Amino acid sequence: MADPMLQRTNNMSPSSPSAWRTPTLILVCGCIILTLSMGIRHTGGLFLQPMTGALGWNREVFSFAFAIQNLVWGLGSPFAGAFADRYGAGRVIAASALLYVVGLALMAVSSTGLALDLSAGVLVGLGLSGTTFAVIMGVIGRHTTPEKRSLALGIASAGGSFGQFAVLPIGQALISSFGWQAALFLLACGVGLIAPLAYAMADGHKHVSGAGQSAGAALVEAGGQRSFHYLFWSYFVCGFQTAFIMLHLPSFAVDSGFSANVGMTGIALIGLFNIFGSFLFGWAGGKGSKKNLLMLIYGARVVVIGAFMLAPLSVTSIWIFSACMGLLWLATVPLTNGLIAQVFGLRFMSMLAGIVFLGHQLGSFLGAWLGGMIFDKTGSYDLAWLLSIGLSVIAAILCWPIDERPVQRAEPKPAGA
């Protein structure tokens with residue numbers, strides 16, 4: 001019987017060695033990988049105050065390392081995606097998980113800013129490039145039918161959000177119980193669980209439409225489409241906002257006189273509510289215009305951040321803000337990746353998604369770094385919040401002219417013609 005949720009897009013006999021890799025299994029394993037990878041990544045903000053306090057750093061030192069992480073994550077994603085498109089995702093995911101583990105372990109023993117830059121910045125960033133959206137979404141996209149693809153990508157995005165919700169309290173508990181160094185070693189063990197799951201994602205040279213196109217031709221084609229550039233720069237804004245909030249909201253709460261658990265709970269609530277937001281927008285993306293939904297998300301972020309700045313600050317306002325942002329948090333992921341598949345096809349989806357994700361991570365670099373620098377220079381995060389509002393307006397405008405129609409390619413000439 002055909003899978004009720006997803007269907008194969010290639011014919012494969014029951015006796016095939018890969019017949020057990022059903023679309024549902026791939027989706028489930030992809031969700032677990034994103035839960036571990038994204039969940040542990042989101043614990044970064046919990047280490048800001050204990051590490052800077054213990055090592056005598058200012059916040060910019062810590063923030064810069066995580067800015068490097070976001071930049072390396074973005075720069076590595078197109079290459080990870082290209083390797084996954086060419087050789088299959090399993091090897092890329094397993095190798096990236098190993099780099100992630102080593103990065104966390106070395107972060108625990110970092111005693112200088114440079115050591116933190118290399119461990120939490122470079123190694124963890126490389127690990128994230130092959131264990132998160134560009135590679136995982138590419139595999140899931142190749143194994144789903146067009147009418148179910150946006151929903152499946154939304155479910156996978158919700159997996160990353162569940163990790164943010166579930167792993168953050170664990171991370172805080174580990175820090176409180178064992179100290180920040182032991183907590184990092186234990187989280188590294190959690191990342192190690194990704195490696196065996198990579199085998200289920202090893203889809204190899206799966207046949208998809210556009211197989212006759214080369215990677216270079218795909219890059220030239222995408223680069224010549226204005227819509228690709230609009231997606232890149234709107235995703236830049238998403239990266240700025242999410243990196244700033246994820247890394248600095250816990251400290252913002254402590255600076256405002258609240259306990260560390262208030263900020264941690266806020267980040268966890270973002271993850272919890274984004275489970276629903278990712279699923280909802282992923283489902284809606286399969287029913288209507290994805291670019292209009294992106295405009296709605298960026299416009300709603302203007303309202304949510306603006307209201308948070310104007311309202312009296314309290315535990316309740318922090319948690320309401322977190323819940324509202326959560327509905328919009330990673331909801332951009334299934335829509336952006338869905339547009340790439342819809343417009344440019346599946347053959348080089350991981351590579352092209354990785355390039356657009358680079359835009360996201362350039363924004364993340366600035367959001368993480370400028371958040372710390374602005375605080376050190378001004379004593380508050382007000383300017384960073386205002387930047388987030390202004391950039392969200394720009395992102396909504398950029399989404400308006402996106403052309404959602406598939407690109408038209410000339411049919412390849414028959415052999416011997």
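Guide: A residue is termed buried when its relative accessible area is under 20%, exposed when over 50%, and partly exposed in between, with a 1.4 Å probe and protein chains only. The structure above is a predicted model, in which local features need pLDDT of at least 70 and side-chain atom pairs count only at pLDDT 80 or more, while totals for chains, interfaces and linings use all residues. Residues are numbered from 1 along each chain as its sequence is written, and side-chain values use heavy atoms, with hydrogens and water left out.

Visitor: Why is Thr-52 called buried?
Guide: Thr-52 has a relative accessible area of 10%, which is under 20%, and therefore it counts as buried. Thr-52 belongs to helix α2 (residues 48–55); helices are DSSP runs (H or I, at least four residues) numbered from the N terminus.

Visitor: What makes a polar contact at Thr-52?
Guide: A polar atom of the Thr-52 side chain lies 2.6 Å from the backbone oxygen of Leu-48. The rule asks for N or O atoms within 3.5 Å, one able to donate a hydrogen and the other to accept it within protein; residues adjacent in sequence count only if both atoms are side-chain atoms. Apart from neighbours within four places in sequence, Thr-52 is in contact (heavy atoms within 4.5 Å) with Phe-47, Trp-57, Asn-58 and Phe-62.

Visitor: What does Asn-58 do at the N-terminal end of α3?
Guide: Asn-58 caps that end, with a side-chain oxygen 3.1 Å from the backbone nitrogen of Glu-60.

Visitor: How do you know that the span of helix α3 is close to the expected one?
Guide: Helix α3 (residues 59–87) has 29 residues and reaches 41 Å from its first C-alpha to its last, against 42 Å expected. The expected span is 1.5 Å times one less than the number of residues. A kink of about 35° lies at Ser-77, shortly before Pro-78; the bend is the angle between axes fitted to the seven residues ending there and the seven starting there. Gly-88, with a positive phi near 100°, follows α3.

Visitor: Why is the pair of Phe-133 and Phe-357 called edge-to-face?
Guide: Rings of Phe, Tyr and Trp (its six-membered ring) pair if their centres lie within 6.5 Å; planes under 30 degrees apart count as stacked, over 60 as edge-to-face and the rest as tilted. By this rule there are 21 aromatic pairs. The centres of Phe-133 and Phe-357 are 6.4 Å apart and their planes stand at 70°, so the pair is edge-to-face. Phe-133 is buried, at 4%, and Phe-357 is buried, at 3%.

Visitor: What makes a charge sit over the ring of Phe-348?
Guide: The charged end of Arg-347 is 4.5 Å from the centre of the Phe-348 ring. The rule requires NZ of Lys or CZ of Arg within 6 Å of the ring centre and within 35 degrees of the ring normal. Lys-291 lies over the face of Trp-400, at 5.3 Å from the ring centre.

Terms used
Helices (H or I, at least four residues) and strands (E, at least two) are DSSP runs, numbered from the N terminus.
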